[in-house]
Amino acid sequence: MAYQMTFKRYELKYLMNRRQKENMLRSMEEHMKLDRYGRTTIRNIYFDTDTYQLIRRSLEKPAYKEKLRVRSYYPASGDTLVFVELKKKYQNVVYKRRLVCPEAEVMKYFCSGMPLPDYSQIGNEIRYFWKYYKTLHPVVFLSYEREAYYALDGSDFRVTFDENILYRENDLSLGSAIYGTFILDEGQTLMEIKTTGGIPLWMSETLTRNHLYKISFSKYGTAYQQIQNAERKKRQGGSQYA
């Protein structure tokens, strides 16, 4: 049986090199602690329409955008619980609606073109989303290694570091091995600040000192752009011999 979770927060992203990450971690030592999971590998399957309507709209940077994915924090299959996430962003605020249910049930319905038979509030939102976009199906597997830190002061302030971000268009299974095409350059890390309020003064000073500035970055969006660029080059190469 599925159960629900909801999140509402700001998510700020920063791209950094190894030196900047080391400086950031030193500044965080007295304020934050690595969570009990340590460094984990996160697996995602993103869903989109036949024409990639969701990600194309997202890349246009509208005031409102949304996406659907299935996520696990370890190899998943059968009765393993995974997260079905409907993620929405409006005016820079992220709203995440999440169902937790067995992997086999999720993939059975989603891969056959049907929404989950869950009639909870979030389940109904996902069902409406699925009906509205009509041709949703799995399109990209995306994985990365994450270190997540929480604030020692008891606030909801969190910081994550994502590295080795990989994507692929085949073998779309949460239980498969980790492999694919890299999104970031060697030595780069994507840091995300997650908070319902403001950024602590010590963090603001650390960002300024290390010349780190907020960027707009989508893992799935970057994967989609790389896929399109590769297909464009392939077509251009083929036309030379036509």
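Modeller: Start with methionine 191, which touches Leu12, Lys13, Tyr14, Met16, Met24, Val159, Thr160, Phe161 and Leu207, leaving out residues up to four places away in sequence. Contact here means heavy atoms within 4.5 Å. This is a predicted model, in which local features need pLDDT of at least 70 and side-chain atom pairs count only at pLDDT 80 or more, while totals for chains, interfaces and linings use all residues. Residues are numbered from 1 along each chain as its sequence is written, and side-chain values use heavy atoms, with hydrogens and water left out.

Biologist: What makes methionine 191 buried or exposed?

Modeller: Buried means under 20% relative accessible area, exposed over 50%, and partly exposed in between, with a 1.4 Å probe and protein chains only. Methionine 191 has a relative accessible area of 0%, so it is buried. Methionine 191 lies in strand 9 (residues 189–195). Strands (E, at least two residues) and helices (H or I, at least four) are DSSP runs, numbered from the N terminus.

Biologist: Which class does threonine 160 fall in, buried or exposed?

Modeller: Threonine 160 has a relative accessible area of 1%, so it is buried. Threonine 160 sits in strand 7. Apart from neighbours within four places in sequence, threonine 160 is in contact with Arg146, Glu147, Ala148, Leu190, Met191, Glu192 and Lys194.

Biologist: Why is helix 1 called roughly antiparallel to helix 5?

Modeller: The axes of helix 1 (residues 18–28) and helix 5 (residues 201–209) come within 10 Å and cross at roughly 160°. That angle makes helix 1 roughly antiparallel to helix 5. Angles under 35 degrees count as roughly parallel, over 145 as roughly antiparallel, 65 to 115 as roughly perpendicular and the rest as oblique. The axes are lines fitted to C-alpha atoms, for helices over the stretch in contact, and angles run from 0 to 180 degrees between N-to-C directions.

Biologist: Which residues make the contact between helix 1 and helix 5?

Modeller: Met24, Ser27 and Met28 of helix 1 meet Trp202, Met203, Thr206, Leu207 and Arg209 of helix 5. By class, the contact of helix 1 with helix 5 has five nonpolar, two polar and one charged residues. Ala, Val, Leu, Ile, Met, Phe, Trp, Tyr, Cys and Pro count as nonpolar, Asp, Glu, Lys and Arg as charged, and the others, Gly among them, as polar.

Biologist: How do you know that strand 4 and strand 5 pair?

Modeller: Two strands pair if DSSP finds at least two bridges between them. Strand 4 and strand 5 (residues 93–102) have ten bridges, in the antiparallel sense. Valine 82 stands opposite cysteine 101 in strand 5, and lysine 87 stands opposite lysine 96 in strand 5. Strand 3 (residues 64–72) and strand 4 (residues 81–90) also pair in the antiparallel sense, over eight bridges. There, lysine 65 stands opposite lysine 89 in strand 4.

Biologist: Why is strand 5 called largely enclosed by the rest of the structure?

Modeller: Nine of the ten residues of strand 5 are buried, so strand 5 is largely enclosed by the rest of the structure.

Biologist: Where is asparagine 164?

Modeller: Asparagine 164 is in strand 7 (residues 158–168), and its phi is near 50°, a positive value in a residue other than glycine. Its relative accessible area is 36%, so asparagine 164 is partly exposed.
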